[in-house]
Amino acid sequence: MIKYITFCIALFSTGLCSASEIWVAINGSDKNAGTKEQPLATLSMAIRKVREQRRLNDESVKNGATIFLKGGNYFLEESVFIKPEDAGTEQSKTIIKNASNEEVVLSGGIKVKGWKKAGSVSGLPAEAKGKVWVADAPVIGDQVLDFRQFWVNNVKGIRSMSTAYGNMDRILSWNKEEQTCWIPKPKIKGFKFQAGMEMFIHQWWAIANLRIKHMQFQGDSIKLSFYEPESKVQSEHPWPAPWISKESGNSGFYLNNSIQFLNQEGEWYLDKLNRKIYYWPRKGEDLAKANVIVPYLENLVRIEGTIDQPVKHLHFEGITFSYTSWLRPSQQGHVPLQAGMYLLEAYKLKKPGTPDKAGLENQGWIGRPRAAVEVKYSENTSFTNCKFIHLASTGLDYHRGNHYDKIEGNLFKDIGGSAILLGVFSDEAFETHLPYNPKDSREVSGNTLIANNLITDVTNDDWGCVGIGAGYVKNTTIRNNEINEISYTGISLGWGWTKTINAMSNNHVLANKITHYGKHMYDVAAVYTLSAQPGSSIRENYADSIYKAPFAHIPEHWFYLYTDEGSAYFNVKDNWCPAEKFLQNANGPGNVWENNGPMVKAEIKEKAGLEKDYQHLRKYKAAADKNWEINKASIKTDKP
């Protein structure tokens, strides 16, 4: 091997041992040779070309292959699918990167053009008349494109809603037997039921999106019923349920997706029946010139190996992933359990107890939201210096069977769900409270590095999602990330709510900086854990500035560090925060807490967050929301 490497070093100067180069450009053609002068048009064709080079043992690929994408927006009509046959080797890696630091965007969106002032529109509020614009909705085949997000010049629009943006009304009651809900009638003149309307409800640490089936009007109140499958799940699942409280108020809610709600700047409405999009432009927006994009694809890149043939040695560098959709809430509703994982079935046990947990009173089975980039069964892959922006659901999801992968130096911004997910949470056929420990340990993602990423302005559609969420993982390090403008928790590590030893071990959350979190949901912390994880640690992190969430179920139920049910065998040490406001809830054995709070040394506090080579990312950091108060950090409760 040493002789071969020496030989190649000598040959590099002559070009005889150089790696393969494949070039792609938006004005290229997939019939071209793929050279810099004759580039291909698509990434998929470039990947195929490298695949064929490897299959034929082409000399040009023996020292690796680099696919260069020239600058521009690549509007995808289907996901890029990367398979085991596309894998590289340690000596012959496959790299997909931008050319000469040019801006390369893999986009799942469609441009909307032809805007004009709307005339008379049935149901449009009086205050919107003369201010709303209209365009034809995109049609794919013979079907109008459905979508839940809308961007104008890279600024996200507001799906028409029954309250002013940032506000909510309060439910009046919830009838679990009838699966119905009473709400106050919206203060809209002539309000009536319109097909397609949804309810967005705040419930403890999660939200729910419910498609409204019927409305029964009674004076100033309305009784709502909902479509299946979400109706049954919403009323049967006990945690988190709608909140009813005289002290802190009932669960907040708003209705959305009706022309009747289009009454403020920045709002939009899709009329699927008449194939029209309506939008009230913000100040300074000229729709005759604006870049208006709606999402089409739910997934941009899918990397999928098998347990015996993972995708290896594949690396993305300097690529932007943008404009994805997520339609499950429009098609089946969305009732999450936690961290955006939605319930497929859930109910309260008439007689509590399971073999693992004698007092457990509920059962649940979950699904997982889609992601812009999804990775299953991988080894030695990476995403570095990439951007994940303007996305409907998860940004990057390393789902299962991932080993020795790296996520470093990336930007995650303007994302509806979580920025990063890692590892199995629960399989759909596996009850979510059972300790997961598969017979084949290769199923468990491990030895992953998540470092020096900026995560900002995420969880802005599903407020119960997280900045970084790791399920059943092992030997994973999450370090030196900066996370801000989060609706719920910054970093969530673990799953299962169990003290039983399981697949998780040796996981470390180190030197992260998490601020301006908990904007909407409580039962929250900057760093939150679940279940037994021997050999794991939470050390030298910085946590500050939690928002005063206006609809929190219990206003004081916020924390800087929170080891929740079953958390065991953690070393929690030298974490800086302005007060010792922590919670250990139903923890297992072996946790050691030491020197956490404002007494932590200044140098530890200062080193948290992005390291020097990655601090240029801070220019993308979203500003703190001035409309929200910050909790005062003078309270000392639940000190371990």
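This is a predicted model: local features need pLDDT of at least 70, side-chain atom pairs count only at pLDDT 80 or more; totals for chains, interfaces and linings use all residues.
User: Ser-100 isn't a glycine, so what is its phi?
Analyst: Ser-100 belongs to the loop between β5 and β6. Most residues other than glycine have a negative phi. Ser-100 has a positive one, of about 50°.

User: And is Ser-100 buried or exposed?
Analyst: The cut-off for exposed is over 50% relative accessible area. Ser-100 comes out at 62%, so the label is exposed.

User: Where does Glu-540 lie, and what is its relative accessible area?
Analyst: Glu-540 is in the loop between β50 (532-539) and β51 (542-546). Its phi is positive, about 60°, though it is not a glycine. It counts as partly exposed, with a relative accessible area of 32%.

User: How does the length of α2 check out against 1.5 Å a residue?
Analyst: Helix α2 covers residues 43-55, which is 13 residues. The expected span uses one less than the number of residues. That gives 18 Å, and the end C-alpha atoms agree because they are 18 Å apart.

User: Which residues of α2 are buried, and within what arc do they fall?
Analyst: The buried set is Leu-43, Ala-46, Ile-47, Val-50, Arg-51, Gln-53 and Arg-54. Viewed down the axis of α2, these residues line one face of the helix, because they fall within an arc of 160°.

User: What covers the buried residues of α2?
Analyst: The cover for those α2 residues includes several strands. Among them are β1 (20-24), β2 (65-69), β4 (80-82), β5 (94-98), β6 (104-107) and β27 (314-317).

User: Which residue with a positive phi follows α2?
Analyst: Take the chain on from the end of α2. The residue there has a phi near 55°, and it is Asn-57.

User: How much space is in the largest pocket?
Analyst: Rolling a probe the size of a water molecule over the atoms shows where empty space is left. For the largest pocket, that space comes to about 1,300 Å³.

User: Which residues of the lining lie nearest the centre of the largest pocket?
Analyst: The lining has 48 residues, and by class it splits into 19 nonpolar, 17 polar and twelve charged. Strands supplying at least two lining residues each are β13 (155-156), β14 (158-159), β21 (252-256), β37 (411-415), β41 (454-458) and β45 (482-486). Nearest the centre are Lys-156, Tyr-165, Asp-457, Asn-460 and Asp-461.

User: What does Arg-159 touch beyond four places in sequence?
Analyst: Arg-159 is in strand β14. At 11% relative accessibility it counts as buried, since the cut-off for that is under 20%. The residues it touches are Arg-148, Glu-198, Asn-256, Asn-257, Glu-267, Trp-268 and Ser-330.

User: Is Ile-483 buried or exposed, and what are its contacts?
Analyst: Ile-483 is part of strand β45. With a relative accessible area of 1%, Ile-483 is buried. Leaving aside neighbours within four places in sequence, its contacts are Ile-455, Ile-468, Gly-490, Ile-491, Lys-513, Ile-514 and Thr-515.

User: Which residues does Lys-605 touch, not counting those up to four places away?
Analyst: Lys-605 lies in helix α5 (residues 602-607). Its relative accessibility is 31%, so it counts as partly exposed. The residues it touches are Tyr-542 and Trp-576.

User: How far apart are the C-alpha atoms of Lys-626 and Asp-427?
Analyst: Lys-626 is in the segment after α5, and at 84% relative accessibility it counts as exposed. Along the chain, Lys-626 and Asp-427 are 199 residues apart. Their C-alpha atoms are separated by 40 Å.

Technical notes:
Residues are numbered from 1 along each chain as its sequence is written. Side-chain values use heavy atoms; hydrogens and water are left out. On a 1 Å grid over the protein atoms alone, a cavity is a set of points where a 1.4 Å probe fits but cannot get out, and a pocket is an open set with protein on both sides within 12 Å along at least five of seven lines; lining residues have an atom within 4 Å of a point. Grid points are joined across faces, edges and corners, and a volume is the space filled by probe spheres set on the points. Helices (H or I, at least four residues) and strands (E, at least two) are DSSP runs, numbered from the N terminus. Ala, Val, Leu, Ile, Met, Phe, Trp, Tyr, Cys and Pro count as nonpolar, Asp, Glu, Lys and Arg as charged, and the others, Gly among them, as polar. Buried means under 20% relative accessible area, exposed over 50%, partly exposed in between (1.4 Å probe, protein chains only). The arc is that of the directions from the helix axis to the C-beta atoms. Contact means heavy atoms within 4.5 Å.
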